[in-house]
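This report is meant for a reader who is meeting the structure for the first time. Please keep the sequence and the 3D view at hand while reading.

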Amino acid sequence: MSDTLPNIGELLTSTVPMVRTLDLRYIETTAERAVVSLPDHPDYRNHVGGPHAGAMFTVGESASGAVVIGAFGDQLSRAVPLPVRVEVTYAKIARGEVRATATLGRPAAEVVAELDAGQRPEFPVEVVLTREDGAETGRMTVIWTLRPNR
């Protein structure tokens, strides 16, 4: 899919209430990669002063969704993208703004070929969570599917 899509960040901000609730910011959105930030806000912090694990999960899942829309937005008339399962590892306490960088884990053409063959493809999106100083605070693997409209 080309990078001439409507602005994915604006689309997701206007249609996904949780994005607005956490004031997520879409820094980069392409068919291969998305970078989304979670601002440092006192209401999002946990008992150790970092962002709550649920907020970190949400920024990571939101970044993964932006990549999926970037890669498969042209398939939305025939399939619905859905997250199937997620594995999350929290490695360090985050402080300040958290960024989630998501990358598509399989070539989009392979996924579309499976959809063309009548299958319900699954594919990973890898997410790295970092804090302002660049230190990695966690990782996620989000397995997505394209559920055919029947």
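## A salt bridge to begin with

With which residue does Glu 122 form a salt bridge? The partner is Arg 85, and the closest N and O atoms of the two residues are 3.3 Å apart. The model in which this pair is found is a predicted one, and that should be kept in mind throughout the report. Because Glu 122 lies in strand S5 and Arg 85 in strand S3, the pair ties together parts that are 37 residues apart in sequence. Glu 122 is partly exposed, with a relative accessible area of 36%, and Arg 85 is likewise partly exposed, its relative accessible area being 45%.

## The sheet and a helix packed on it

Strands S3 and S5 both belong to an open sheet of 6 strands, which are arranged in the order S1-S2-S4-S5-S6-S3 and pair in the antiparallel sense. At the edges stand strand S1, residues 25-29, and strand S3, residues 79-90, each of which pairs on one side only. From one strand to the next, the twist averages 20°.

Strand S3 pairs with strand S6, which covers residues 136-148, and this antiparallel pairing runs over 11 bridges; within S6, Thr 145 stands opposite Leu 82. Helix H4, made of residues 108-116, packs on the sheet and touches S3, S4, S5 and S6, while its direction makes about 30° with that of S6.

## Other salt bridges

Another joins the side chains of Asp 40 and Arg 45, with a distance of 2.9 Å from N to O. Both of its members are partly exposed, since Asp 40 has a relative accessible area of 42% and Arg 45 has a relative accessibility of 37%.

A further salt bridge is formed by the side chains of Glu 110 and Arg 106, at 3.3 Å from N to O. Here the two partners fall into separate classes of accessibility, because Glu 110, at 41%, is partly exposed, whereas Arg 106, at 18% relative accessibility, counts as buried. Together with Glu 114, these two residues are linked in a network of salt bridges.

## An aromatic pair and the nonpolar core

A search of the whole structure finds 1 aromatic pair, which is formed by Phe 72 and Phe 123 in a tilted arrangement, with 4.9 Å from centre to centre and 50° between the planes. The pair links distant parts of the chain, as Phe 72 lies in helix H3, residues 53-72, and Phe 123 lies in strand S5, 51 residues apart. Phe 72 and Phe 123 are both buried, and both are listed among the residues with the most contacts inside the largest nonpolar core, alongside Leu 38, Val 59, Val 125 and Leu 129.

The largest share, 10 residues, comes from H3. In soluble globular proteins, nonpolar side chains tend to be buried together. For Val 59, once its neighbours within four places in sequence are left aside, the residues in contact are Leu 24, Val 36, Ser 37, Leu 38, Val 98, Ala 100 and Leu 129.

Notes. Residues are numbered from 1 along each chain as its sequence is written. This is a predicted model: local features need pLDDT of at least 70, side-chain atom pairs count only at pLDDT 80 or more; totals for chains, interfaces and linings use all residues. Side-chain values use heavy atoms; hydrogens and water are left out. Two strands pair if DSSP finds at least two bridges between them. Helices (H or I, at least four residues) and strands (E, at least two) are DSSP runs, numbered from the N terminus. Axes are lines fitted to C-alpha atoms, for helices over the stretch in contact, and angles run from 0 to 180 degrees between N-to-C directions. Contact means heavy atoms within 4.5 Å. A salt bridge is a side-chain nitrogen of Lys or Arg within 4 Å of a carboxyl oxygen of Asp or Glu. Buried means under 20% relative accessible area, exposed over 50%, partly exposed in between (1.4 Å probe, protein chains only). Rings of Phe, Tyr and Trp (its six-membered ring) pair if their centres lie within 6.5 Å; planes under 30 degrees apart count as stacked, over 60 as edge-to-face and the rest as tilted. A nonpolar core is a set of buried Ala, Val, Leu, Ile, Met, Phe, Trp, Tyr and Cys residues joined through side-chain atoms within 4.5 Å.
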